[in-house]
Amino acid sequence: MNRLTKELQFFRSQEHNMKVLLLTNMIYAFVLPVVEIFAGAYVMRNTNDPAMVAYYQLAMYVGVVSTSLVNGLLLKLVKIKILYAAGILISGVSLGGMMLITNLGFVELGLAGFLLGAASGFFWTNRYLLALYNTDDGNRNYYFGLESFFFSVANITVPLVIGAFIGGLDGMKLLGTTFDANFCYKIVMVVVVLITIISVSILWRGNFVMPKDTSFIHFRFHVLWRKMLTLASLKGMVQGFLVTAPAILVMRFVGEEGALGTIQGISGALTAILVYVLGRIARPQDRLWILLGSVLVFFVGTLFNGLLFSAIGVIMFVLCKVIFQPLFDLAYYPVMMKTIDVVAKIEKRNEYTYIMTHEVGLFCGRFLGLGLFILLAYLVSEDFALKYALIIVAGLQTLTYPLAKNITKSSDEYAKNL
């Protein structure tokens, strides 16, 4: 209890805007698993086609990168917290809209994915920008550690609760109504919208000031930022699979949503504590070791899946995936923001320039990763794609360590001379 009290006091000692952002994102963390896990499971349940799940996810990423441009234009006219709030609210509404569609065809899935991606674009780009302006290199490990801790907690509790809810009510008759899985998903969506409203109400307490310079469209960049865009593309390649692959594999080999929730919960419990502790005590120079450990864990998980390609292999893969994701993000985002700090001063540009182009880098990686999966699924087989596309992408992901090491060294050298 004394330790918890000290941690709470440490949180209260932070800047007001940083606390508001953390609280907002902590609440919204309970929406993200629905977007990242159960949306894919819903599409898989209603199409029974892994390639359609990948296509839906790709349409979502097109929406994200498109919105990043629109968001930059709107920043000249609209306050950033309004845009951030819009992204939070629309993500819940658009996800619910998809689940009201009775026939998930090619057009419907593409449109639903694009709209959800558009909402996510408002959320992520403004989240990055607000975090950039309201943190510094000294407290970003703590910021992203605490944020990742709550994302991990949400990844434990939300899948368990939703999985138990869907599994328990599916087929049950109550008050003259038969609860099937799709009807249960609609109830989940109502709860999601309520959570987004609570998250926005907390965001409204922040006093966020943006720079007057809002020009952000540029095409030529410093070599350091070009390296960072390559790192973003490598991250993007694996990011698409982290959303689609677990849902597809678990639904195929392990069972239904209840099993998906249980697996996520078991693997996330230890990770949540580990991420918070690392974020609290790790120094900026420790980030690269955290990143290296995370990519090695993910690579091992894809080997389990590819070699065993069974329920046990899937469970091992999801365990490694849940450990990998928050640890990788804990190391990656401070590196990204330190690079933006440095390059923005070198080139004397608005930081949003780099936030937007970072989304383009992520999209290139997501497109290549999901494109590889779809190509292998249609040209060879779905099983081949599920086995080997993950291993290929995880192998490429190991290149992030030497690249991030080079970027960090260069950023430190440039920062000394600014």
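Author: Welcome! In this predicted model, Met336 is in contact with Tyr128, Trp225, Met228 and His358, leaving aside its neighbours within four places in sequence.

Reader: What makes these count as contacts of Met336?

Author: Contact means heavy atoms within 4.5 Å, so Tyr128, Trp225, Met228 and His358 each have a heavy atom within that distance of Met336.

Reader: Which residues have the most contacts inside the largest nonpolar core?

Author: They are Leu249, Tyr332, Met336 and Phe373, in a core of 115 residues. Helix H12 (residues 311–347) gives the most to this core, with 18 residues.

Reader: Why does Leu396 count as partly exposed?

Author: Leu396 has 32% relative accessibility. Buried means under 20% and exposed over 50%, with partly exposed in between, so 32% puts Leu396 in the middle class. Leu396 lies in helix H14.

Reader: Which residues form the nonpolar patch on the surface?

Author: Leu396 is one of them, along with Leu375, Leu379, Val380, Phe384, Tyr388, Ile392 and Leu399. Together they have about 710 Å² of accessible area. Helix H13 (352–379) and helix H14 (382–397) each give two or more residues to the patch, and H14 gives the most, with 4 residues.

Note on methods
Residues numbered from 1 in each chain as written. Predicted model: local features only at pLDDT ≥ 70, side-chain atom pairs only at ≥ 80, totals over all residues. Heavy atoms only, no water. Patch = residues over 30% accessible without salt bridge, like charges linked within 9 Å, V, L, I, M, F, W, Y side chains within 5 Å. Areas by Shrake-Rupley, 256 points an atom, 1.4 Å probe, with all protein chains shown as cover. Salt bridge = Lys/Arg side-chain N within 4 Å of Asp/Glu carboxyl O. Buried < 20%, exposed > 50% of the residue type's maximum accessible area, 1.4 Å probe, protein only. Core = buried A, V, L, I, M, F, W, Y, C linked by side-chain atoms within 4.5 Å.
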